[in-house]
Structure formats: structure tokens, C-alpha cells
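Please keep the structure open while you go through them.

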Amino acid sequence: MINALIRPANTLTAAVSFLQSTFTGRAVIKGMPVSAGIELTNYCNLNCPECLSGSGMMKRSRGYMNPDLFTRIITELKPYLYSLNLYFQGEPMLHPGFFSFLGKCREINTIVSTNGHFLSQENAERMVKSGPGRLIVSLDGMDKETYSGYRVKGDFLKVTEGIRNVADAVKKHRSPLKLEIQFLVNRFNEHQIPEAKKFARMVNAGLKLKSMQIISRTGFDKWLPERRRFRRYEIRNNEYAIKSSLPDRCARLWFNPVITWDGKVLPCCFDKDAEFIMGDLNEDSFREIWNGPKYRSFRKSILTGRSMTDICRNCTSGLRGVTY
């Protein structure tokens, strides 16, 4: 049983250190993260063109997280975490030990994001019984043609059936699990938003309209939606750039680290190819890495020149007037 005072005390400590760092420009770090992302695998069954994993543009090695490594991570971080994202790049349900990992996170509000191809009736039941707080299922189109235009190799009927399977399991077991449909808005599906809203209501799910992230230089003109509110980019100096002014601060570096399948600690979820590795959990504890010189130096660089950091190019932190 986790001491009920540890999490709120840690959150307050982390918040104070972030505010102190923001106002002074010095990278002060106290406490541990209040949220984290853990990548179970960076393999995926789809080939989405603007996804680093699915498109084949990812440079780092592929693999599956070792169960012993996962146990060590959870053991160290569980007392402090209010929430845990059990996904990063790739499809988490591809990991053979997915449900055993999920079972170890019961004392944390755990969020799973999936492309929905493995939500059979049996898996939907197991998902509900395993106790995550929220399940996000990507559905980027409301017919086969539109959906598969982006979700290459995807099966629209299989995903919608999977969503219904989860909805039925939630109702059957009177589960508190929150089912959320994520709709990645692009030029080819933005006209289907009303249909997506209708479907979400039918299955008693939330609907999140998410802005399109572009990672290829040729993708902007093809994928960006017509409606400005769904664009996170604008043309600046004849090039597409993030709408954000990229202020010299980022709470993610004080609250929300990401851990890759092989134990590398990254500053945030926008470092998809692990270009800024803060440390290796196969060699050091998380606390040693979190408080270490490399992490402090990176935080300092963000406080003094965030716009100079490549991974911030797609970051939605500080971005207003856009559906994330």
C-alpha cells in the first residue's frame, strides 16, 4: 500500500521546483515525476505515413520491453505517479506480456492508447478487468476508404467492432474505464467529424479531435486540414512552422518523462527517435538519472532557448487555439 501523503507532497515539491526554475532561469529539480510514459514496444502492425514507427523513418532499434525492467521501473516510480501512459511509439498490445504489465499498474491511473486491431471480445473483457483508467482507440475515418487512407494496412470494420466490444464489456461489468475515440483530423476526414461524434455517442465513448502531426517535409500540403483550428502549423518565412512561440519553459521536463522499451529515459513524448537520451535504466536508477547532470543541462537549455531544440518543432505545449 502506498503512503497516501507521498503523491501530493511530491506533486507540490515538483511544482515549486518548476516555478522556481521558470522564474530564475536556473534548472532546479526537486521531487520525482507525477506522470510518465512507458513504451512496451516500438513495433507496429500499421504503416501510417506520418508516424515515425509505422512509416519506417525511425532510426532507433526495435524491440519489446523486458518484464524484469518493467517491474523495476514500476517499483521505483509507483509511489509518486498519479498517471501512467502505457504507450509511446508502436502498438502496445503487440507485446506478448501486455496484460501482465497492465496488471502491475493497478495503483496508478493507467492510460492505454491502441490502434484497436486487437480488441477481440476476449481482449476487451481482459482490458476492462485489468483496471486501466482510460482506453484511447484511434479511429481516423468513418468508412473503409477514408480510414485506410492514413491507417495503412488498417481494418476499419475490425477497429469499430473492437470499440463496440470494449463498450459492451464496460457496460457488462459496470466498469469505470473511460473509453475514448481519438480522431486525427486531416484533409481527407475532417468532413466526417459529425459522423465520428455520432458513433462516439452510440458506444458511450468520449471523442478527442486531435491535430495532425507532420514529420515528413512533403506531408504538409497533403495532410493538413482546411480548417485552421485543426492545424498546429502555419506558414512562416515560406515554411511550415509550429504555431507556438515556443516559450522558454516546458513543464514536461519536471513532470512527464518517457521511457523506451530498452530502458532509455527521454525528456518527453516528442523525442520519438530518442535523440536526447537522459540515461539508461539498465545502468542507473531513475532517480539518479532524473537528478543527474545530463537532465539538468537539458532543462537549462530549454529555459534559455527552447526554440533551438529540434524535438520542440511538433510540441503542443504552450500552443493555444488549436485542437491538440
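1. Is Asn204 buried or exposed? Asn204 is exposed, because its relative accessible area is 71%; buried means under 20% relative accessible area, exposed over 50%, and partly exposed in between, with a 1.4 Å probe and protein chains only. Asn204 sits in the loop between helix H8 (193-202) and E6. Its phi is near 55°, a positive value in a residue other than glycine.

2. A word on the ground rules. This is a predicted model, in which local features need pLDDT of at least 70 and side-chain atom pairs count only at pLDDT 80 or more, while totals for chains, interfaces and linings use all residues. Residues are numbered from 1 along each chain as its sequence is written, and side-chain values use heavy atoms, with hydrogens and water left out. Helices (H or I, at least four residues) and strands (E, at least two) are DSSP runs, numbered from the N terminus.

3. Asn237 has a positive phi of about 55° although it is not a glycine, and its place is the loop between strand E7 (233-236) and E8. With a relative accessibility of 71%, Asn237 counts as exposed.

4. Next, Gly206. Gly206 belongs to strand E6 (residues 206-210) and is partly exposed, at 33% relative accessibility. Its C-alpha atom is separated by 6.0 Å from that of Ile181, 25 residues apart along the chain. Leaving aside neighbours within four places in sequence, Gly206 is in contact (heavy atoms within 4.5 Å) with Leu179, Glu180, Ile181 and Ala200.

5. On to the aromatic rings. Rings of Phe, Tyr and Trp (its six-membered ring) pair if their centres lie within 6.5 Å; planes under 30 degrees apart count as stacked, over 60 as edge-to-face and the rest as tilted. By this rule the count comes to 13 aromatic pairs. One of them is Phe18 with Phe255: the ring centres are 6.0 Å apart and the planes stand at 70°, so this pair is edge-to-face. Phe18 is buried at 14% relative accessible area, and Phe255 is buried at 13%.

6. What kind of pair do Phe220 and Tyr240 form? Their planes are at 5° and their ring centres 4.7 Å apart, so the pair is stacked. This pair also links distant parts of the chain, with Phe220 in helix H9 (residues 219-223) and Tyr240 in strand E8 (residues 239-242), 20 residues apart. Phe220 is buried, with a relative accessible area of 8%, whereas Tyr240 counts as partly exposed at 24%.

7. Ring pairs also join Phe18, Trp254 and Phe255 into a cluster. Arg299 lies over the face of Trp254, at 5.7 Å from the ring centre, and the charged end of Arg299 sits over the ring of Trp290 as well, 4.6 Å from its centre. A charge sits over a ring if NZ of Lys or CZ of Arg is within 6 Å of the ring centre and within 35 degrees of the ring normal.

8. Two helices deserve a point. Helix H5 (residues 121-130) and helix H7 (residues 156-173) pack at an angle of about 50°, with their axes 8 Å apart. That makes H5 oblique to H7; angles under 35 degrees count as roughly parallel, over 145 as roughly antiparallel, 65 to 115 as roughly perpendicular and the rest as oblique. Axes are lines fitted to C-alpha atoms, for helices over the stretch in contact, and angles run from 0 to 180 degrees between N-to-C directions. Residues making the contact include Ala124 and Val128 of H5 and Val166, Ala169 and Val170 of H7.

9. Finally, two buried residues. Thr110 is in strand E3 (residues 109-114) and is buried at 2% relative accessibility. Beyond its neighbours within four places in sequence, Thr110 is in contact with residues including Leu84, Leu86, Leu102 and Cys105. Tyr150, in helix H6 (residues 144-150), is buried at 4%. Not counting residues up to four places away in sequence, Tyr150 touches, among others, Cys48, Cys51, Met212 and Trp223.
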